[in-house]
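Please keep the sequence and the structure in view while reading.

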Amino acid sequence: MISVREGTIWDSGDPRESLDRMIERLLMVLLVFMPLAFGVVEAWSEEIVIALAGAISVCFLLKAILARQSQVTWTWAYVPVAVFALVVVVQLIPLPAAGVRILSPNTAARKVELLGDLANGAEGLSSMTISFYRHATRHDLRLVLAVIAVFAVVLNVYRRPDQITRLLATIAAVGGGVALLALAQNAFGNDKIYWFVVSPHGEAHSGPFVNHSHYAQFMNLSVAAALALIGVRVHESFSGRAVTPETVAAYLSLPEAKVVWVLVAMSIVGVGTVFLALSRGGVISMLVAGVFALLVLSCRKPLKGIGWIMAVLALGAFICVLYIGFDAVYDRLSTLSDMSEAEGGRWQILADIAVAWTKFPVLGTGLGTHEVVYPEFDRSVSPRLASHAENEYAQAVEETGALGFAALLAFGVLIGIHYVRAVRNDRLTICTAAYGLGFGLMAILIHSLSDFGQHLPANAVLTAIFCALLIRVSRLGAAADGEPEEAVPVSSRALKGWAAALVAVCLVWAWGLLHADGARRAARHWREVTAAESRLIENNWEGSDAEYVYLLGHATKAADCQPGNIEYQHWLNIYRWECIDRAVDPNTAGMPPEFVEIAKDIVAELSAARRLCPTFGATWCVLGQLERTILGQEEQGIRHIMEGVKLAPCDATTRFVAGMLAVEQGQLDVAREHLMIAVQLDVDDRQFDGVARQLISQFGLPELALQIAGDDARRLYMMAKVLEETGTRTVSADQVRREVAEKLEHTCQEQNASAWVFASLAAMYEQLGELAKAIDNYREALNRDFGQIGWRYRLANLLADTGKDEEAVKEAEIILRSHPEHRAAKNLIDRLAARLRIGN
């Protein structure tokens, strides 16, 4: 038997070792960086990952050139990897239209249908890409190439057992650190990542990861690395010995078992935090993979000692969960009994994707295009935009077609074959690592049925490393004496080939870094855009010239950094329209000629943007709306709006525009359907505010707005606010006010009704002239939320209007205690004091 510690017999002082060490250090930096950078979900971190992956691959090629020796491991796994990459490249390359019609007939037909009305449409469609959105496909291809580079380099550099154990130790150590961070955030956190980064979900139970399922995938892989090392250590210690609880206990008490104890502790914390992250998919996949690993271990007699250690691990993880947050874990896992809640609409997504795949079966719609192609087939009417399919297999079939999915399937089969070969080898201790590696990959395969965690480089790179290591330990086990392949001298002719490969790889990474840097700079500008937009939305887009100059300046820079990004182009032109729309006097007929010219430019830009992504439905709707309302192109505008709804039926903007069009056409039933879906899709209810304002102030249809509001307390509050601000006084409007009041009365009777519900009811009674009821409800609202100055000031005014001057003065004085600068309260007191003096 050959021990891992004997791996050093291969250290020969070869100059290639310096480059190998450089590669190991770069990979270590990459492994530490990725999880700490939130799993690599932002453009700046993606650029760093691409740079590190590029540096690793360049070092590997330089090693062959400088040492004039190559040591490349051939495996059939390269073939499906190359086929998959080739499929994506083909999706990006502009091909003659006739060729696209052969490869993907529906792609060609759909693009002609969507873009045929553009200027020089026939000429522009003489060539086209398979991908419906090249920008997204380029983005995903960059990351795929980084993962492929890591896979290839790890397979060819990590040849010795000591190298393999160092890599596994690095992964386990990084995972242990992340697990401790997650545990600390669960125990002492403030629902912020690192205690200062606001999480989009309002909670931080998953270490540095934003998504708990993505954290679960990362941690399952990290625990798997620890288990692989435990297996190697135990195999070394128990080979040829009887395995009993007594011998295992005796071993664990020895000084040499300290490393095992550290790995077991890391695994316990890691497993515990997977439970605490409340990822049902992560827990289920971990448990199934654990059972699978135990079943395989039970068939290998020399390794049964690992089973006892895994029992200790399971017990420790349970104690960890029990101590930190058993109730939350239990409540989360208990939802599995309700399958409709547990599956979260995933079955509907899969059914819709199946329909989409039948349209583009061979080459798919383009890697990374799910978010812009799937909406046309989405029938879920879910408020959550499905940016990913929540199923890696389904999304792979949709985006890369049968050919891309077949390549992935073939790769998986080959890795499975190497796993079987590795676990059958009892002679070489490093082969025992296959059990842990298999555990990690099995957990990923299962979890990928309900999550898209492999889209994160932090997880995808670990998966690629595990696959490469499985191939390596399999080949070490099959080789005579467990030795790696000998290095082969590089001839002068072969040296030219290596040099050419180096140049090609450098060009590829230069392309990748160029686009990644553009994405980083664009994202930096867009952060300024979103902040400026939020301020404008608060003021109903009534901003100053300086505010719009700032907004448009950063939006333009973002669009220039990434000219192929449809979202940047789309929103840039919306901001341009909002800028000129605010300057139009609603009391004058028509729009000034200079503004019409600007509107024409905006329409032209939006129309041209369709080439970037012809299936982006929101652009179609905004384009059609401007064509109708500003340019007078009624028929074309309606056609574009309806095409936008067809492309994105579950987009709030498209439904809103279509609903308002139906109102103008007098089709109120159709309008109600569109607008109710628009409001349902908008989880923040901002859409309802716009719906209510337009229906009440522009179309005089408060009844329709009330129907859309339903019994939702927040929407009824917004209805009351809009009715108050618009001051609409018609019979129908007053009837709607009465109905809103009745619904709010019903809501107020519910247990734990919010203070703002009572305040809304008070405002509605104030509009109806029932001041006594308004006063009572304002008092109740303030009892529930004492510090609301606005409500108290309204109450003081109502008390003054009803002749209760002394009570009004008291309320105004309460305001001045906390806000002595409140001028309106001071003026009210002065006015009432004068009135009280006259009365006396």
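## Helix H24 and its cover

In this predicted model, the buried residues of helix H24 are Gly-617, Ala-618, Thr-619, Trp-620, Cys-621, Val-622, Leu-623, Gly-624, Leu-626, Glu-627 and Arg-628. Eleven of the 13 residues of H24 are therefore buried, and the helix is mostly covered. The cover over these buried residues includes helix H5 (105-115), helix H22 (566-581), helix H23 (593-609), helix H25 (634-647) and helix H26 (652-664).

H24 runs over residues 617-629. At 1.5 Å a residue, H24 should span 18 Å, and its end C-alpha atoms lie 19 Å apart, which agrees.

Helix H35 comprises the 14 residues 805-818.

The buried residues of H35 are Asp-805, Ala-808, Val-809, Glu-811, Ala-812 and Ile-815. Viewed down the helix axis, these residues fall within an arc of 165 degrees, so they line one face of H35. An α-helix has 3.6 residues a turn, so residues three or four places apart point the same way. The face of H35 turned away from the buried side carries the exposed residues Glu-806, Lys-810 and Arg-817.

## A crossing of two helices

Helix H30 (residues 713-726) and helix H32 (residues 755-768) have axes that come within 9 Å and cross at roughly 35 degrees. The crossing of H30 past H32 is left-handed. On the H30 side, the contact is made by Ala-713, Arg-714, Tyr-717, Ala-720, Leu-723 and Glu-724. On the H32 side, Trp-756, Val-757, Ser-760, Ala-763, Met-764 and Gln-767 take part.

## Pro-96 in a strand

Pro-96 is placed in strand S2 (residues 95-96). Its relative accessible area is 52%; because exposed means over 50%, Pro-96 counts as exposed.

Leaving aside residues up to four places away in sequence, Pro-96 touches Ser-126 and Ser-127. The C-alpha atoms of Pro-96 and Leu-125 are 8.7 Å apart, although 29 residues separate the two along the chain.

## The chain as a whole

The protein chain contains 36 helices and six strands. Of its 840 residues, 53% count as buried. The chain exposes about 36700 Å², of which carbon and sulfur atoms supply 60%.

Among contacts with a separation of 6 or more, 73% join residues 24 or more positions apart.

Key. Residues are numbered from 1 along each chain as its sequence is written. This is a predicted model: local features need pLDDT of at least 70, side-chain atom pairs count only at pLDDT 80 or more; totals for chains, interfaces and linings use all residues. Side-chain values use heavy atoms; hydrogens and water are left out. Helices (H or I, at least four residues) and strands (E, at least two) are DSSP runs, numbered from the N terminus. Buried means under 20% relative accessible area, exposed over 50%, partly exposed in between (1.4 Å probe, protein chains only). Contact means heavy atoms within 4.5 Å. Accessible areas come from the Shrake-Rupley method with a 1.4 Å probe; for residues, only the protein chains shown count as cover. The expected span of a helix is 1.5 Å times one less than its number of residues. The arc is that of the directions from the helix axis to the C-beta atoms. Axes are lines fitted to C-alpha atoms, for helices over the stretch in contact, and angles run from 0 to 180 degrees between N-to-C directions. A crossing is left-handed if the near helix is turned anticlockwise from the far one by less than a right angle, and right-handed if clockwise.
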